[in-house]
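Work through the following exercises with the sequence and the model at hand, and try each task before reading its solution.

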Amino acid sequence: MAIRQLSETLINQIAAGEVIERPASAAKELIENALDAGATRIEIATAGGGKALLRVSDNGSGMDAADLELAVRRHCTSKISETLEDIRTLGFRGEALPSIGSVARLSIASRRRDSTGGHEIVVAGGKIAQMRPAAANPGTIVEVRDLFFATPARLKFLKTEKAEAGAITEIVKRMAIAFPAVRFLLSGSDRTTLEFPATGDDHLARMAQVLGKEFRDNAIALDAEREEISLTGFAGVPTFNRGNSAHQYAFVNGRPVQDKLILSAIRGAYAETIPSGRYPVAVLSITLDPALVDVNVHPAKSDVRFRDPGLVRGLIVGAIREALARDGSRAATTGASDMLRSFRSGFQPNSQRQQGGWSAETSPSRPYQPTTGFGERPQASFDGLSMPTARAEPQFSPQPAATEPNARYPLGAARAQIHANYIVAQTEDGLVIVDQHAAHERLVFEAMRKALHSKRLASQVLLIPEIVDIPEEDCDRLMQHAAELSELGLAIERFGPGAIAVRETPAMLGEVDAHGLIRQLADEIAEWDTASGLSAKLEYVAATMACHGSVRSGRRLRPEEMNALLREMEVTPGSGQCNHGRPTYIELKLSDIERLFGRS
């Protein structure tokens, strides 16, 4: 078969298959164009989940007739010139509008601020109609109808209207977080209206609009820099977590991305602080020289590649862990709300707990029956009680808790131990309930982890070194980290071009599968250029040992022991969660208690 040149329409439709995967992809491209045009107000309207209608209106710089005609042609853009080394805009490929026009009915009406009139151009199924004058406000209105009408096969792969509308909502949320100075309005017949008023430079206020006001109370500020790469944003306290990763937002030079490296770094930073199956809430913004990151990895521009991925990952993990150590031990404010709901749902008056209607035997107004309460068996339960007395002897009366030094500590002064497992402490403005086993487990683990990083770990010498055959390039990578591995108790040597000799293994790990450990480390170094896997294994062992070596549930503690535990929690990083990610304490403010009794 002879080779021939494809038509312009078919080329655009092929490109559309990569750039425009669903209505949300089209919405993303159009919103990016509006932001690149300097818009401060962007309105998005949809119908049929974006398949029937997608309209994006902005008050940006607008386009004249010449620009408008080029905008719908492939590889025409105003955002780059001759190089991809210095991309500072969201869009740059020049493919979005012609790709949309090749598979949908596209109309663009635009007017420059200094122009007296606007123009409109229409593209349907790849065919460009004659441009015509149009009445328009300064800015641009892009309207997409009947998406994928020219490629019916793509329609079969779209989800329900509700699901597609939800995907557009998620795109708008990500853009709103990245650009707090821009007002976003999302409306349509397939959704309830969603508005994000501009918050200027107050990024946390915009995050509260998107993630809920509870995020403001449970967020820790991030501000770190390493080798001219800066990281800012907010990370939620570990106890403020969600059932999926949808509440993790990452931005690189202002561009919303969904990068596996960043998501993996977030997961690693919260290790041992989040329960299995739960995910932290975080908003991260990475700023670096555009030459150090490749945004031209995929036509959708949602993936990026860093020139030094290990540096970026280390910056994220280090910044989040430092923030958690500084301020992450506090309990989430949602814990008190959950407690209040439990109290309200758990209490019911006797009259509401009765089943099967009224009966004389169970009624609180039933006649007095003296034979049911004064028999030997009922009275036996009172044997352990002291008899009442009228003697008025002076009793010890402690000072009010608010004036006691212990009450002024963050976790207050211990007042009681209930069910031999929970410590109740009184603070200046409420009370704290502590799970003694979970709390002490964390304290023991942190002490062991500190020992791991303060000196070379003890190792066990193998009587006969184990020889592990791996590719030569993996041997090279491992030997570059030999000194680091030796500090962790793993001594390795090169044994020919394609083999590693393991002479010592960490004593803490006990019997080790040296072959599996070396291959896993080699794979990790090849992907991230780090050897943190062994350290993670040792910390896992330390966590297991801490669980078995901590104060057990059911052990009664003296008041001084309870207070000592509280004081140590206050100075230990990560003490707000046990090694398995569960909260170690819940705080209930006095105002919450008063609400329970209807006093506020």
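**Exercise 1: Salt bridges and burial**

Glu-164 and Arg-22 form a salt bridge in which the closest N and O atoms are 3.0 Å apart, a salt bridge being a side-chain nitrogen of Lys or Arg within 4 Å of a carboxyl oxygen of Asp or Glu. The model is a predicted one, in which local features need pLDDT of at least 70 and side-chain atom pairs count only at pLDDT 80 or more, whereas totals for chains, interfaces and linings use all residues. Residues are numbered from 1 along each chain as its sequence is written, and side-chain values use heavy atoms, with hydrogens and water left out.

Task: Determine which parts of the chain the pair of Glu-164 and Arg-22 links, and whether Glu-164 is buried or exposed.

Solution. Begin with the location: Glu-164 lies in helix 6 (residues 161–178), while Arg-22 lies in the loop between helix 1 (8–19) and helix 2 (23–36), so that the pair links distant parts of the chain, 142 residues apart. Helices (H or I, at least four residues) and strands (E, at least two) are DSSP runs, numbered from the N terminus. Next, consider burial, where buried means under 20% relative accessible area, exposed over 50%, and partly exposed in between (1.4 Å probe, protein chains only). Glu-164 is buried at a relative accessible area of 1%, whereas Arg-22 is partly exposed at 24%.

Task: Find where Glu-170 and Arg-174 lie, and state how far Arg-174 is from Arg-255 in space.

Solution. Glu-170 and Arg-174 both lie in helix 6, four residues apart, which is about one turn of the helix, and their side chains meet in a salt bridge (3.6 Å, N to O). Glu-170 counts as partly exposed at 23% relative accessibility, and Arg-174 counts as buried at 10%. Turning to the other arginine, Arg-255 lies in strand 14 (residues 255–257) and is buried, with a relative accessible area of 3%. Arg-255 and Arg-174 are 81 residues apart in sequence and 9.4 Å apart in space, C-alpha to C-alpha.

**Exercise 2: Strand pairing**

Solution. Two strands pair if DSSP finds at least two bridges between them. Leu-185 in turn stands opposite Glu-195 in strand 9; strand 8 and strand 9 (residues 194–196) pair in the antiparallel sense over three bridges, forming a hairpin with five residues between them.

Now return to strand 1, which pairs with strand 2 in the antiparallel sense over six bridges; in strand 2, the bridge partner of Glu-43 is Ser-57. The hairpin of strand 1 and strand 2 has five residues between the strands, and in it Gly-48 takes a positive phi near 65 degrees. Finally, strand 2 and strand 7 (residues 139–145) pair in the antiparallel sense over six bridges, with Leu-54 opposite Val-144.

Task: Explain why strand 2 is largely enclosed by the rest of the structure, and count the buried residues of helix 4.

Solution. Strand 2 (residues 53–58) is largely enclosed because five of its six residues are buried. Helix 4 (residues 96–103) is mostly covered, with eight of its eight residues buried, among them Pro-98 and Gly-101.
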